[in-house]
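Please examine the model shown below alongside its sequence. The paragraphs that follow lead from single residues to strands, sheets and packed helices.

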Amino acid sequence: MASDMFNPSRVVAVVGGKEIIMEGGRLANQAAGAVWIQCGGTVVLATACSQPLEFDKGFFPLTVEYSEKMYAAGRIPGSFFRREIGRPSERETLISRLIDRPIRPLFPKGFKDEVQILASVISADQENDPDILAMTGASAALMISPLPFDGPIAGGRIGRINGQFILNPSFAELEQSDLNIVFAASADALTMVEGEANFVPEDAIIDALEWGRKEIQPLIAAQWQLRELCGKPKISCETPEENEELRREVEELALASGMERALRIPEKTARKEARQNVKKAVIAALAEKQKFPEDQIKKAPEILGELEKKLVRARIFNEGARIDGRDAKTVRPIQIQTGVLPRAHGSALFKRGETQSLVVTTLGSSTDEQRVDSLGGDTTKRFMLHYNFPPFSVGEVKPTRVSRREIGHGALAEKSLRPVLPSEESFPFTLRVVAETMESNGSSSMAAVCGGSLSLMDAGVPVSDAIAGVAMGLIKEGDKFVVLTDILGDEDALGDMDFKIAGTKEGVTGVQMDIKISGLTTDIMREAMRQAREARIHILDEMAKVLAAPRPELSPYAPQHAEIMVNPDIIRLIIGPGGKNIKAITQATGSEIDIDDSGKISIFAPSAEALEKTAAMISYYDQKPEVGKNYQGKVRKLLEIGAIVEILPSVEALVHISQLDLHRVENVGDITALGEDMLVKVVEIAGERIRASRKAVLLEEQGHEWSPEDSARPPRKPRPDGDRKPGDKGRERNRPPRKPRTDDKKDGE
């Protein structure tokens with residue numbers, strides 16, 4: 001039966017004092033599942049679709065795309081085509097990851113159909129952030145669809161103002177908050193955490209997450225209600241039957257081929273090669289025996305992966321030793337170098353175990369800020385951190401494209417470092433940090449944080465404190481668990497949690513957590529936070545041994561900065577017609593110049609000499625003429641009584657004919673011409689009238705000291721009507737008699 005868009009299935013939940021509406025059957029009814037989710041004037045349409053694949057890709061092909069339609073905020077896109085371009089923005093990519101991470105583990109293992117989740121913002125009220133609605137809406141769309149989904153989950157954001165937690169704060173409230181944590185949770189546990197904080201203690205973050213999980217439970221209940229109203233029957237997804245005989249055979253062959261020895265090799269490359277050799281030996285032995293069909297032998301790598309996981313986890317529990325031989329709390333050896341790149345503004349090489357990051361800081365002017373076209377209007381970013389993960393860092397051959405993972409890791413490192421940056425008023429530079437992953441064996445994003453902090457200090461950026469980060473893992477079996485400090489890549493893959501925490505000794509600045517199990521208790525989180533703090537302090541101490549504070553001066557290759565104040569009225573002169581003057585200054589000096597309407601001019605010059613030259617060229621337009629000072633002017637007009645010389649921009653002075661030369665001048669044109677340069681001395685300023693003298697300059701060149709009397713105004717010639725009485729009007733004295741009018745018109749008609 002066709003749905004009625006005027007009477008959709010509707011549920012309402014109140015969380016954080018706000019009403020959240022979810023409706024099914026209103027839009028996109030040919031999708032497997034579609035939900036309209038609304039808070040205030042913000043609306044997100046979330047849809048879920050699937051289709052079978054002709055062949056098994058070897059992984060679950062889930063695609064999540066979040067998009068913001070500009071019409072949602074009553075705006076026209078700023079792109080050349082005036083439409084939303086195909087490539088998602090960085091914000092859209094990050095929110096797509098926020099949706100993907102908590103829902104991906106909730107699909108059954110045997111489900112291999114291609115699934116696409118689309119979340120589109122179709123209305124934005126500039127008060128309620130749509131990212132949280134998109135997370136919950138995606139779960140609700142899956143819940144009412146026939147797809148097998150072990151949900152629901154709901155998303156939320158936690159802020160804190162004056163020590164009080166706020167759920168889903170508005171944009172205005174977030175500006176006052178020292179906490180901004182986005183999380184997803186099921187009815188029983190947290191499933192994803194990501195956010196930033198302003199040196200907030202670990203216990204406060206745990207309390208916030210536990211509080212937030214309880215607060216969003218009405219959204220979990222609402223999704224079950226919506227499913228009862230309009231949900232479609234779920235398709236069955238049977239877990240493929242295990243071939244126990246094949247499993248036993250593979251495990252026996254793997255152990256006989258040295259699987260346990262391979263997993264005890266500390267070095268990543270050697271361990272990887274040994275594991276590959278075991279894999280080849282097992283598959284070759286299976287093929288030789290011809291006991292199992294080829295399609296069954298293809299499942300051997302999956303069985304080997306499960307065996308590796310079991311062996312590594314058992315060793316941690318039974319022996320207290322990890323893959324590389326460390327105990328659960330030890331941080332890998334750290335090596336640090338700063339100033340490694342001779343021409344970069346700041347650089348650092350940070351290595352922890354087999355993870356190495358080269359991090360570079362570049363300083364620029366405000367014109368280098370990133371311009372972002374968003375629902376809230378055009379915004380700018382003065383701090384950017386870009387994380388790169390080239391394929392050589394793991395010894396692979398792959399296309400070198402920026403992945404969602406790289407964007408996500410860069411955003412986490414950027415959030416973590418932002419709280420220690422100086423204000424724009426005290427340090428008006430644009431900052432770009434690039435983290436190049438040189439080697440990777442776990443926790444490369446946290447290496448970017450540590451290296452980024454050192455790189456900023458090496459550049460002389462006056463950060464308030466150093467920042468370090470560490471990734472924590474978890475091995476949990478029943479009621480027993482072990483929290484792992486500074487995890488390896490294999491421990492991330494074989495473990496139950498990836499918990500990244502960054503901050504100072506004072507508190508946390510950045511956090512990200514992905515959980516692969518449902519039973520993450522508060523006790524486990526507190527233990528992870530405690531161990532992470534110990535590791536972070538250890539790393540900060542190692543960093544301080546190399547560079548304890550920002551360098552006192554900027555790199556000589558960094559832009560030189562100065563600010564000067566000018567009269568706002570002369571800004572138009574500095575810019576010039578069509579920007580002629582400002583372009584001439586920038587071309588002559590190589591400087592970048594930012595002009596504020598208040599008269600504040602910021603100069604970013606490539607060198608100290610260029611800075612001085614730029615300031616002088618700007619100050620030229622902000623001068624006031626002074627009596628007794630010489631000026632190199634240009635002749636603009638020739639008059640019978642003298643020459644008009646422009647001595648400063650838009651400032652002209654009269655050089656009387658008597659002051660053009662040392663001898664008597666009969667004709668001004670005998671001395672100068674239009675457009676010629678003339679060195680003159682200002683001899684009198686009377687209001688807006690200025691008199692100058694070339695004669696005074698010539699006398700000085702002959703060794704005569706100038707005095708105002710030397711350039712006194714020449715006496716006026718006597719008038720022919722010398723007997724005119726005081727008060728007589730000269731214009732009426734010699735006026736001829738008016739002729740009689742010849743018409744009847746009156747004066748003025």
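Beyond its neighbours within four places in sequence, Thr-379 is in contact (heavy atoms within 4.5 Å) with Gln-370, Arg-371, Val-372 and Ser-374. Thr-379 belongs to strand S15, residues 377-381; strands (E, at least two residues) and helices (H or I, at least four) are DSSP runs, numbered from the N terminus. With a relative accessible area of 37%, Thr-379 is partly exposed, a class lying between buried, under 20%, and exposed, over 50%, for a 1.4 Å probe and protein chains only. Between the C-alpha atoms of Thr-379 and Lys-580, which are 201 residues apart along the chain, the separation is 28 Å.

The model is predicted, so local features need pLDDT of at least 70 and side-chain atom pairs count only at pLDDT 80 or more, while totals for chains, interfaces and linings use all residues. Residues are numbered from 1 along each chain as its sequence is written, and side-chain values use heavy atoms, with hydrogens and water left out.

Asn-168 is found in the loop between strand S8 (164-167) and helix H3 (171-176). Is Asn-168 buried or exposed? Asn-168 has a relative accessible area of 13% and is therefore buried. Neighbours within four places in sequence aside, the contacts of Asn-168 are Val-15, Lys-18, Ile-20, Ile-132, Gly-156 and Arg-157.

Strand S9, residues 179-185, is mostly covered, with 7 of its 7 residues buried. In a regular strand, side chains alternate between the two faces of the sheet. S9 runs antiparallel to strand S7 (residues 154-161), to which 6 bridges join it; two strands pair if DSSP finds at least two bridges between them. In this pairing, Ile-158 stands opposite Ile-181 of S9. S9 also pairs with strand S10 (residues 190-200), in the antiparallel sense and over 7 bridges. There, Asn-180 stands opposite Glu-196 in S10, and a hairpin of 4 residues joins S9 to S10.

What is the strand order of the open sheet of 6 strands? The order is S1-S2-S3-S4-S6-S5, and the pairing is mixed. Strand S1 (9-15) and S5 form the edges, each pairing on one side only. Neighbouring strands of this sheet are turned against each other by 15° on average, direction ignored.

Within this sheet, strand S4 (residues 42-51) and strand S6 (residues 114-123) pair in the antiparallel sense over 9 bridges. Gln-51 has Glu-114 as its bridge partner in S6, and Ala-48 has Ile-117. Strand S5 (residues 62-68), by contrast, pairs with S6 in the parallel sense, over 7 bridges, and Glu-65 stands opposite Leu-118 in S6.

Helices pack on this sheet as well. Helix H1 touches S5 and S6, and its direction makes about 140° with that of S5; axes are lines fitted to C-alpha atoms, for helices over the stretch in contact, and angles run from 0 to 180 degrees between N-to-C directions. Helix H5 (residues 217-230) lies across S1, strand S2 (18-24) and strand S3 (33-39), running at about 175° to S1.

Two packed helices are described by the angle between their axes and the distance between the axes. The axes of helix H6 (residues 244-256) and helix H8 (residues 268-289) come within 9 Å and cross at roughly 130°. That angle makes H6 oblique to H8, since angles under 35 degrees count as roughly parallel, over 145 as roughly antiparallel, 65 to 115 as roughly perpendicular and the rest as oblique. Leu-246, Glu-249, Val-250, Leu-253 and Ala-254 of H6 make the contact with Val-278, Val-282, Ala-285, Leu-286 and Lys-289 of H8.

Another open sheet has 3 strands in the order S22-S24-S23, with antiparallel pairing. Strand S22 (560-565) and strand S23 (592-595) stand at the edges with a single partner strand each, so one side of each is left without a neighbour in the sheet. The twist averages 15° from one strand to the next. S22 pairs with strand S24 (residues 600-605) over 6 bridges in the antiparallel sense, and Glu-563 stands opposite Ser-602 in S24. Helix H17 (residues 608-619) lies across S22, S23 and S24, running at about 150° to S24.
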